[in-house]
Amino acid sequence: MAPLSVISLSLCFLLPLLSPAISTNSEGNALHALRWRLSDPTNVLQSWDPTLVNPCTWFHVTCDSNNHVIRLDLGNSNISGTLGPELAQLQHLQELYKNDISGEIPKELGNLKNLVGLDLYGNRFEGEIPKSFSGLKSLRFLRLNNNNLTGSIPRELTALSNLKVFDVSNNDLCGTIPVDGPFGMFSMPSYANNMRLNGPELKGLVPYNFGC
C-alpha cells in the first residue's frame, strides 16, 4: 500500500509582489495556487518555488517514486485561509489533515479517488458537507468534527463501503442520521453536540432536537 499522505496549510505574508513563472507540473501549479490562498505568518512555505519542474523538493511535501504528491505536512503552523478547487489536481493525495482553515469545504475534494483519510476537524469550515464525497470510494476515515458545518448528513455517503471512522460532532447539523451502509456501526458520540440532529439514541448527547 502506498504511504499515507497529509496536508496542512499556510498563507505567506512574505510572497513577492509579482508572481514568478508557474511550473508546467499540474501538482506544482495546484500547490502554488493554494499558497496564495493561505496566510503563512511564520513563512513555512518559503521553499515552494513554482519554477521547479515538480514540487517534490519543496519542504513539507512528500512524493512517491513517480514524483506524485502524496503528503503535505504543515500541521500546527499557524495557518489560516481557505481551500480551493485546485486541490483536485492532487490526484495521488491519500490523506488531508487538520488545518486552521475557514470557508466552505470545496466539492472538488470528491475527485480525489485515492483519498483514504480526510481529517478536517478543528477548523472553522462552514456550509454543508459536500455530496461529492460519495465519490471517495477509498475513504476510510472522515473526521469533520469541531467546525461550523450546517445542513444534513448527505445520504449519498452511505455508499462509502470502506468508511470505518466518521465524526461530525460539535457542528450545527440537522435532519436525521443515516442508518444504511457503514453508518449502522458508528456510535452516537460521532454526532454529539449537533442541536438539530435527530436520532433515536441521541438523548443526552444533544440538548434538543429540531428539524432541518
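Predicted model: local features only at pLDDT ≥ 70, side-chain atom pairs only at ≥ 80, totals over all residues.
Tutor: Helices here are DSSP runs of H or I with at least four residues, and strands are runs of E with at least two, both numbered from the N terminus. Residues are numbered from 1 along each chain as its sequence is written, and side-chain values use heavy atoms, without hydrogens and water.

Student: Why is F166 called buried?

Tutor: Buried means under 20% relative accessible area, exposed over 50%, and partly exposed in between, with a 1.4 Å probe and protein chains only. F166 has 2% relative accessibility, so F166 counts as buried. Y191, with a relative accessible area of 0%, is also buried. Buried residues make up 50% of the 212 residues in the protein chain.

Student: What makes W48 and W58 a stacked pair?

Tutor: Rings of Phe, Tyr and Trp (its six-membered ring) pair if their centres lie within 6.5 Å; planes under 30 degrees apart count as stacked, over 60 as edge-to-face and the rest as tilted. The ring centres of W48 and W58 are 5.2 Å apart and the planes are at 25 degrees, so the pair is stacked. W48 and W58 are 10 residues apart, each in the loop between β1 (38–39) and β2. Both W48 and W58 are buried.

Student: Why is the pair of F166 and Y191 called tilted?

Tutor: The centres of F166 and Y191 are 6.1 Å apart, with 50 degrees between the planes, and the pair is tilted. F166 is in strand β11 (residues 165–167) and Y191 in the loop between β12 (172–176) and β13 (196–198), so the pair ties together parts 25 residues apart in sequence. Ring pairs also link F166 and Y191 with F183 and F186 into a cluster.

Student: What makes a set of residues a nonpolar core?

Tutor: A nonpolar core is a set of buried Ala, Val, Leu, Ile, Met, Phe, Trp, Tyr and Cys residues joined through side-chain atoms within 4.5 Å. The largest such core has 46 residues, and those with the most contacts inside it include L31, F133, F166 and Y191. Helix α1 (26–37), β2 (61–63) and β3 (69–72) each supply at least two residues of this core. The most comes from α1, with three residues.

Student: How do you know which residues F133 touches?

Tutor: Contact means heavy atoms within 4.5 Å. Not counting residues up to four places away in sequence, F133 touches I105, P106, L109, G110, L118, L142, L157 and L160.
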